Every structure is written in C-alpha cells, then in structure tokens.
Protein chains: 2
Amino acid sequence: MSNDKTALVVFSPSGKRGRFPLGTPVLQAARELGVDIDSICGGRARCGRCQVEAVEGNFAKENIISSPDHLGGMGEAEQYCLQRGRLKPGHRLSCQAAVEGDVRIDVPASSQVHQQVVRKDHEAHDIEIDPVIHLYFVEVPQPDINVPEGDLQRLLRGLETDWSLTGLSWEFSMLQELQQALRDGKWQVTVAIRDGHRIVAVWPGFRDRLFGVAIDVGSTTIAAHLCDLISGEVLASSGVMNPQIRFGEDLMSRVSYAMLNPEGAGQMTGAVRRAVNDLISDTASRAEVDTGAILELTLVGNPVMHHLLLGLDPTPLGVAPFALATDQAVDIPASELAIELHPCARAYLLPCIAGHVGADTAGVMLAETPWCEDEISLIIDVGTNAEIVLGNRERLLAASSPTGPAFEGAQISGGQRAAPGAIERVRIDPETLEPRFRVIGSELWSDQPGFRESLGEQGVTGICGSGIIEAIAGLYLAGAVLADGVIDGRTADRTNRIEADERTFSYVLHDSEPRIVIQQGDVRAVQLAKAALYAGARLLMDRMGVERVDRIRLAGAFGSHIDVKYAMVLGMIPDCDLDRVSSANNAAGTGARVALLNRASRAEIERRVRTIEKVETAVDPTFQQHFVDAMGLPHSTHAYPSLARVVELPRPGPGASPRDSRRRGRSRRRR
Amino acid sequence: MSNDKTALVVFSPSGKRGRFPLGTPVLQAARELGVDIDSICGGRARCGRCQVEAVEGNFAKENIISSPDHLGGMGEAEQYCLQRGRLKPGHRLSCQAAVEGDVRIDVPASSQVHQQVVRKDHEAHDIEIDPVIHLYFVEVPQPDINVPEGDLQRLLRGLETDWSLTGLSWEFSMLQELQQALRDGKWQVTVAIRDGHRIVAVWPGFRDRLFGVAIDVGSTTIAAHLCDLISGEVLASSGVMNPQIRFGEDLMSRVSYAMLNPEGAGQMTGAVRRAVNDLISDTASRAEVDTGAILELTLVGNPVMHHLLLGLDPTPLGVAPFALATDQAVDIPASELAIELHPCARAYLLPCIAGHVGADTAGVMLAETPWCEDEISLIIDVGTNAEIVLGNRERLLAASSPTGPAFEGAQISGGQRAAPGAIERVRIDPETLEPRFRVIGSELWSDQPGFRESLGEQGVTGICGSGIIEAIAGLYLAGAVLADGVIDGRTADRTNRIEADERTFSYVLHDSEPRIVIQQGDVRAVQLAKAALYAGARLLMDRMGVERVDRIRLAGAFGSHIDVKYAMVLGMIPDCDLDRVSSANNAAGTGARVALLNRASRAEIERRVRTIEKVETAVDPTFQQHFVDAMGLPHSTHAYPSLARVVELPRPGPGASPRDSRRRGRSRRRR
C-alpha cells in the first residue's frame, strides 16, 4: 500500500486516517488529523505521556497491512525512556517515532489528553480530566546583551514558540521564582498555566506532577481528597471533625454564637481554617506530597460553613431575608483563607444557591448532573436542613426544608451522629416486636454470633438518624406506632418492650448499657423532620407540575446509611420505584472533586446555579399545608404504589391518618 | 427666546448648546450634550462636585438672554449643601437645578471630569487628573427573601442601574467589608473601582476622598508624595535616606554584597521595604491621612533598586548580559511588597528599559514626554550611571553611560553627596584664581557678609558633584587646568592656592577646616565621568543621525544644582543653546506622580518603552571611540558655538586637545 513518498497512518480508537510523508513524527501526524495525544514536554521525549503502540496485522476493513517495524527503530531518547521505565515495552514515543510505512497506531487511554477517571460506586458519572491548570515544558532563549529583554519576556517568547501560547499574564511570586529556576534549569523550565492564560508556577527543568485538593466542609466533618491533577487519581483522603462543633452542634447554634459574641465569627473562621490546613497537611503527608506543590483547592459547604470559611459574617443567614454575601462562585488566592499551599495556589468555592441552599448543594448537582437527563430526578441532601433539587434537562428547582437535626440523631433520646458505635440499621419483628440491629463499625447483625465481640470495647453508644428511622418504620409496620405517630400502649400485651411513661409509651430498643429507648417525643421529632422533607419535595413537584419523580438520589452520610424502603414507609420521600431510589453517598465532595479535575464543570455549575429556580419554603403557604398533611405516617398503598410491592402497610388505625389530617387541614383553611 | 415647552442652554467654556424641555436637570442636559461635568454621587446632591454657575446677561453673539433665575429656586438639598459649605455661594448643583428658561451655564474647572494639575517649576507638563481608581456612590437594592441574590450581586445591580457599569470583578477583601458597609450605610455605599472594572474598596455611605502615593526609590534617597487622587493635589512630601547605603554606597557595591552574601539581597529588600513603609506612614501622618485609606502606589527606581524592592535577585544586573527579570511594568498588590496600605492597594512599578536603564528613566520620560515634540530632546539623568534618552515624535533612543560616582561626589577627595554643608557652586577669578562658593543650606556666597554665620554649626563639610564640576571648569577657564586636564604648575606664580604634590599639582579650594583640595586625580575622575556622559549622548546622536540637539534637560539632584554653562565648559554635554538647557529636577519622581494621577500615562510609557531603541554602550566600539575623544576639555568654539556667546574658551594649550585626541583615535582605529 505504501509508496516511496508517503505512508498511510490509521489511529485507533478514533479511526482517523491520513497519508503522510515518510519521516513524519507520529505526534505530528496525530495533531494534523486532530487525534488526541497528550504531551507536557512539547515533543522533547521528556514526559513519556505521548506513548502509542503500533499494531501488527492485515486489517482488511481499514485496507492496511500494518507493522510495528513501520515506525523504524528506537532512537537514543526512546531507549533512555525505556531503560528508566518511562516507556512501556512495546510502546513508542509518538514525538520520536516516525512514519516509515503503513501503520495502524493504537493510542492508549493514558495517552489521551482528556482521560476519564472511572467513577466509584455511588458516583453518577465518570470525570473527564481537564483541570484548570496544565503543565508546559519550555526552552527559554538565553539573555543577549544587545537585546535587553527580561527573563519573563523571554519565557513568554519561549511559550509562544514552543506552545503557541500568547497573551499570558503571570503571578508575582512566579516572577520571584523565575530567575533561579531558569538558571538552575539551564534555561529549561516547566511552568504551570492556570485557566489557559496565567502563569502561576515555574520549576527548573522537566516536571510532570501537579496536585490539587477537593474539600467538603461539613458542619460535622471536613473531608479532603488529594488528587493528582494529571492522572485524576485520588492519592489520599482524610477526614476530621469540624472543630466549630465546640461553638455549637448545629448550624443555627453557631450562627447564634456569632450573633452573641463579637469575636464569635472570627473564632469559628480561625478554627475551620486551621482544621482545613491540618487536614491538607495530613493528607499530603500520607501521599508523600509537599503541600507547597499543591496548586488548586476546591471547596463545598453549606452557606454558613461557606461564609465562616471565607471570613464573611454568617449572621444575616440566621434571620430573614437570609441574605448571602455572594451567590457567585468565589475564586481567590488560597492565602486569603490562610491556607498554606503553593504561594499561587487558588481556592475555588462552588456557588451558594440561596440562603439555605449552599455550595454543598451545588457540589451535589455537579456530581449528579440532573440536567443531562430527560427523566426527572429528585436529589435530596439530608442534614440539619434538607437541600432538595428537582428537575431534568428542561427545568431545575431547588429548595431547603427545615428538617431540624433529628435525621442527624440530635434531639433524639439516645441519639448521636453516624459514627462507630451508633445503631444504624434496625429490624423489628412484626409479631413479637423483638428488634435486631446493626452498629456502625461492625458487619454483623445483633442476632448473629460474635456480634458483641465485633463491637470491641466501645460497644453500642447510641442510635443515629438512619437507625431511628428504621426503628420507627419497623414499629409502624408492626402496628406499634399508629398512623398519627402515637406509640400504641395496647401492644404492651405482645411484648414487655413497650413501657408506659407519664401519659405516653416508649419502646425499649436496647436494654443493656446504654439503654436506648424510642420515646413518643422521638417519634414526634422524626415526624416533624420527615414532614418537612416530604413537604419540600412535594412543593417543588407542585411547582414543576409533576405528580411523580423518575428517580431519587439521597446524598450525604444519612443517605448512605439508610435503607430507602424505610424512608418511604415513613413517608419521608415521595413514591418512586424502589430500585430507582439510591444513595449518592458524599455527592457534595464528589462535586468538589469534579470541579477540581474538570475546568468546564465550573462554568457549568455557575450557569446552572444562575438559572435554577429557587423556592423559599419559609414563606410559602403551600409548603405549610404540605407539611401539616405529611405529619402522619402513610397508611395507603394508593399514595405509595411502589412501596405496596415490597411491604404491606398497616390499615388506618384509630389515630389521624394522613388523609384525615389532609381533610382537616383543608377544612381549617376554608374556615 | 424661551417658549412654553423648551429652553435654550449654552454651556461655557465648551460652547455646547441645545434646547431642553423645561424641568430638565442641568446635569442631564450637560450629559446629553457631552459636556464634561464631574459627579461621584451620581446626581444625589451628595458630592457637590457638579457645581455650575448660571450667568446673568444678554449674550448677543450666542443669541441668548440668560439669568440665574432661569434655574429656578434652590431646593432643600442645595440649601443643605450651601449651609455645610459644600456649595459655593452663587453656584448651583447641576444634578438638582433644573432648566426653567434660557440660560448660559459656566462649568468651573473644579467641576470638570478631567481637571489639570498645573505643573510646578521644572516640570514639563500639566497632569490631567484621571487616576486608575474612581469613586462611585451607589444605592444598593435591599435583600428580598423571595430572590436569594447575594449582597455582592445586588451591589453589582445597583452599579449597573446608577452608573451603567457592567462586567465588574471584585477583590475578596472588598467582599469581606461589604456586608458591614451595606448595613452601616443603610444600603448606600461608596465603592472604589480600579481600571474601570474591578471593585477594590467599599465604604458605608457617601465618601469623596481617595489617596495614592508616588515614590522615587533612589540609591541614596527615597522620596514620597502623597496625593489626593480626586483633586490631584500633593498633600505631603517626605524624603528619607535609603537604608541600603549601609550595604554599599553605590549600586555596584550593593550588587556585590548580594553576590557575596547569601542573605544579602533579602536584607536589602527588607531594608528598603521598611524604609518605604516608614516613609509612607510619615507622609500620611503629616497629611492626617490614614494609611489604610491609601489605595494606589506608583514607584520608580533604577534596575537594581527596582529588583531589590520587588525581592528579585539583582545579581544578574551586575554582570553581562545584564539580564532584567522583567522589562514590563509590574502591577501587583502592595501587600506583595509588605507595604501596609488599604488591603486592596496596588503598587505599580514603571517598566525598566534595559539592564542599566531603569524605571527611573521611564519616569523621566513620562515627565518629559519627548515624543510629543518635533524638536529633538536630549534628556540626561545623572547618577552613578547617566541614563540618556534622545529623540522626538519620530524616534526615541536610550542608553546608559558608566559615568561612575564622581558626579555624586564620590571617589573625589573632599567629595560628598549633595547635602547641607556641601559646596555646590564655585566661581574662580580668572586672574587671581581666588574662589568664591556657595554651600547647600545657605543662600549666600562665601564672599558675602554673614556667610559663615549662615552655615550654622555645621559649616562646610565637603564638595558635591556640581561644585567639583564648576571648580574644574573655573580653573580651566582661568588657564590653571589645561585642555588635557593637567593642573598647570606654572600658575603657582599667580597664586599660592596651587600646591605641588609628588609629580602633580593641586588647587586649594577651602583652606580652613575641612581643607578641600582639587587634586589631579579628581580632575581625572571628572574627565572620565564627563567623557562617558558625552560619549553616550554622542553615540545616540550618531544612531539617530543628528549633529545637534534642540534642547537638553538635566534630571536628578545633580541636574538641579549645576549651572549648565559649566557642564558645557567641561564638555559634559553636546552643544546646545544655553537657554534651551534646563533642569528637569526630580523628573523620575514627577513621572511616578504622572502615573499615579493619570491612568492613560501607564499605557503610554509601556508602549514607549517597548518601542524605544536601546543602545548598549558597554559593547559598542563607537562609544569607546567617543569616550577616548571626549577625555580632553573643549578648547574650540567650533565644537561649542553656543558656548562661545557666553564664555571665552582657552586657546589650545600644550596638552592634547580634543581635536588632537580625536585624530589620534581615528588613526589608531585605522591601524
């Protein structure tokens, strides 16, 4: 097929093909055809990122007889890379190998510019690796006494010559490093360029490592993921308690602290920034990465966390009209947050959406991208408030529902955060009312052999949100809790776990130390919380004009612990096929990682946040009505047809059924 | 002339005119006609900057009968301003006064947007006040629970509504101030916007003061001028010794210190930054301005000062190829220089031109603007090196000549810097060789009554550059120094001030304590310095292809002390009409002030610096030849026709004449 002058080159997997003069470097052929091959060193056999593999064989369909020999022999540069382990055996450097005959060339995923990081369980999408910062190796012209051009201007000239980069700006601390880097690197340096236009770092010689950290600043815990910005790999992850907890367990108590103490907001800002610093140091040292080599930081958090981290006053968020300081993304030097990374490192905080719908929700949205689907997604991030996003390709709505802290185990007798020792799963025998349960930290159920031992010294410490939900749902299914939420004293004839209090009854879940009891007040707290959550979702569905959603994603720690069936038994969430209800795990943190690894995602979320319809539940009369209606527990398979396939719901008891309360609500309104 | 519906309005001095519906505010009429009237408050009767005066009279030429009554009566807002002294009696606020009949309106200079600051002596031009930062008073919409728009976004909306400003970015510390400012100012704030697009500061309520500092970082002294960026006025000026002097008297000794001491550059950077901080504090406290209210800083300095101030390594400037770190202007947060002003204050350093031609020369250029003239200007900034700029509208050239420190009084017996106590002026009687002199700090000549007393306790301390120049020139004109620079021992018969040394002679200028003697070596040092200066100027003239320059401006302290005639007698500068040779005083500092007060001047100097032709004297054989030729003292009225009108130059003596040496030089080259 080849003739004296040109040869046929076919690239896979793209299938792009063309004829090139013999001697054409493979990288050049690829570029001319628009085939995606990565390079940091600009074709100098330094970075080893442009590896390809020539295939042996007669490909009739492509009309080509290909041979690895058609790329000629390996030169010195390739041999060197091979010996140093930078070049895989059988691979060639496309910047060095030249076309000497017809050849079919396979470009492995690792050599493609925009690699995908394959998603983990719970994650909705793969992430395309295209961070806001890229590395460029460059040869800089040496100074010439007759041309008084500065080091910086010669660097810019080199970047234009080698990479066609023009109109670049620069960080001052890069300029301060430049003189030494040029001389140490013998006029060869690697620069990091942010956003395609700003030189933010310089190192002598060739370099191909670049790091960033994605951070989820939760009210309770702060989690960090240190990523290699070139491979997209998570190199290390760490979590730490948010030290602001000593100023208040939940968000509103922290806002009160700021209101009551002139230095309060400043103290909390200092505390969270120190924690983030320590967390990054810890993560970096685990991955054996110098924090000075970290150039990018992305952060998510609810509005109060967002404001406190930024040193903004959170108190306007505590009272109507709940005014944010800014609802745009914030992109600032990390040093402004007193976070010690590379001097030019920047921190990108995803935008807050409304006074109660924060950058964490923006992160969840970015992880879930409901705007890519025709199907209608309902995404719920359960915390002290529940942030709710509803929508699809056509339309997006967001709201926050004031669930209170019950789902986080607070203000529940025996309640605690989801942490080792907490009862997270509960099953109650519908006849005997005997419970069995699972505890965080153990894989065993309480009725399995070795359960006690598996808990270690800590034993059982309390019950977390998912545990209380499942316990109440189990009691409801067993008839021990009625549709109006009353613990039915009549079931005491079936078990001695039902105990009489002053005017109400309790259920003893755990009779050894510590004694864990579900009291009537706990059921009420969960009813309030689930009614708020349901009413919020329902309000958004009303606004969107839909009666059903196609899928439900539950984000946050709560969402990852709960069995979704029990959430539906309690009427927390609207009806949906149970196999379309799933956990999105820490979707907010995933969103931070998406923003870290993919530059275009930032513009995407900023655009979506501007157009999403924000619904304020606090002032909406429909929300109040839905809330009142949703206080009871579902008794009707009519309201939950999907659930009917899985469990049998109790018949209406003597207490108020949801339908009853709805009727009463309506009639009250008519009066 | 007026009818029921409209009235004629004529503005002076612009002469712009138009008919407007009765009731039209004067400011609106002005804007529609494109008449330049200032406003910070946007027409809210707050800033008092839009004052105008309605004129009484029948103006036949303009065809208008005008009356102040045709602007109606003063409203409450104007009365209030009048009482508070914000409105001059007889003036009206153009934002409040409405057109009620034909009227001729005078816009005083103080109400025009682009006021001129009238130049001082020595300054080449008026400065148009249009700084890089402007103030805007704005009413910000209040938060609304149904529209979760951030404080920042509502500020941006207010700026768009009130000022048609769009696409604005913002400094993070502004965001941190914004919440409080909005609430303290009851949703009215004043913002400072830099470069037309970046919000850098916010204050509650109305504000009309804005400050900046222009700084000239000289090797010997640092001078600061604190300016009101709205009026352009210099509020206070201060100077201080450069504390780097303890690391080395002249530039090259400081570069050596940095080469020999690993921490040397850092020590000098710290020293100069502390000095700048202290100087600004001092200047601000004199003007009773809070340093936190200073938002802009402009700086000039030679390349070594520029690099040390920026924390850049100056050592490449000490050896060929004399590579600058950057030859562009540097515009960075002032905090990067550890200078404590407003947190968003920025520092603008004018560009360096070449390794020996610094931002100080750029400042001189900006003060002098030789590119505005058809005439050819020669601008010389004399220091340890002489920076020379030659050119006009068509073409500009720059070079640095290695004059050495003689012009600064260094390496001269009895020499010192131009400071109180230094002999700065010298006249020598051509017959008796008796000197008379003037000393810095006194207005009297040494032969006037009360001279001794006028010096105070300090007395005479030494002789500075201008003094030594004038002394040698005087001796030359008296025949005591020959054309080849030899002190002629034969003149000892005329005076006992000529003393014999080992093989040469000296002239005793000051016989009391301290004894100040002009030695043969001093004459040699001045010959070397003046030959370098002349050769540099001559080289540029060769390159430009001109034999004469139209005007000469001498910048720097030296230029302000010397009588230019004596500079020409010694052959320091090329021939030029003596009344076209003048001092530009501290033109570098003036340039910094121009860049501070006028935004467009920055782009101008950046553009000029890019296109100016840089000539490197160190490697130019023509320079070497000119240098050798210029070692002698001028003897020929042919070479200095302008001088011939003023003094009679000595006839050629027995030593080498310039013409002789030029001939010898040429023959050497031919060999």
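Trainee: How many salt bridges are there between chain B and chain A?

Mentor: Keep in mind that this is a predicted model. To count, a Lys or Arg side-chain nitrogen has to sit within 4 Å of a carboxyl oxygen of Asp or Glu. Between chain B and chain A, the count comes to 0 salt bridges.

Trainee: And how many residue pairs are in polar contact between chain B and chain A?

Mentor: Here we look at N or O atoms within 3.5 Å, and both residues need pLDDT 80 or more.

Trainee: Which elements of chain B give two or more residues to the side that touches chain A?

Mentor: By class, that side has 24 nonpolar, 10 polar and 11 charged residues. The elements giving it two or more residues are α3 (151-163), α4 (172-184), α7 (303-310) and β18 (330-333) of chain B.

Trainee: How much area do chain B and chain A bury between them?

Mentor: Of the buried area, 60% is on carbon and sulfur atoms. Ile145(B), Phe172(B) and Gln179(B) supply 20% of what chain B buries against chain A, more than any other three residues. The total between the chains is about 3,500 Å².

Trainee: How are the two copies related?

Mentor: Chain B superposes on chain A with an RMSD of 0.1 Å, through a rotation of 180 degrees and 0.0 Å of shift along its axis. Also, 100% of chain B's interface residues are interface residues in chain A, so the copies meet through the same surface. The rotation therefore relates them as by a two-fold rotation axis.

Key:
Residues are numbered from 1 along each chain as its sequence is written. Chains are lettered from A and ligands numbered from 1 in the order in which they are written. This is a predicted model: local features need pLDDT of at least 70, side-chain atom pairs count only at pLDDT 80 or more; totals for chains, interfaces and linings use all residues. Side-chain values use heavy atoms; hydrogens and water are left out. Buried area is the accessible area (1.4 Å probe) that two parts lose on being put together, summed over both. A polar contact is a pair of N or O atoms within 3.5 Å; within protein, one must be able to donate a hydrogen and the other to accept it, and residues adjacent in sequence count only if both atoms are side-chain atoms. Helices (H or I, at least four residues) and strands (E, at least two) are DSSP runs, numbered from the N terminus. Ala, Val, Leu, Ile, Met, Phe, Trp, Tyr, Cys and Pro count as nonpolar, Asp, Glu, Lys and Arg as charged, and the others, Gly among them, as polar. Copies are superposed by least squares on the C-alpha atoms of residues with pLDDT of at least 70 in both. Contact means heavy atoms within 4.5 Å.
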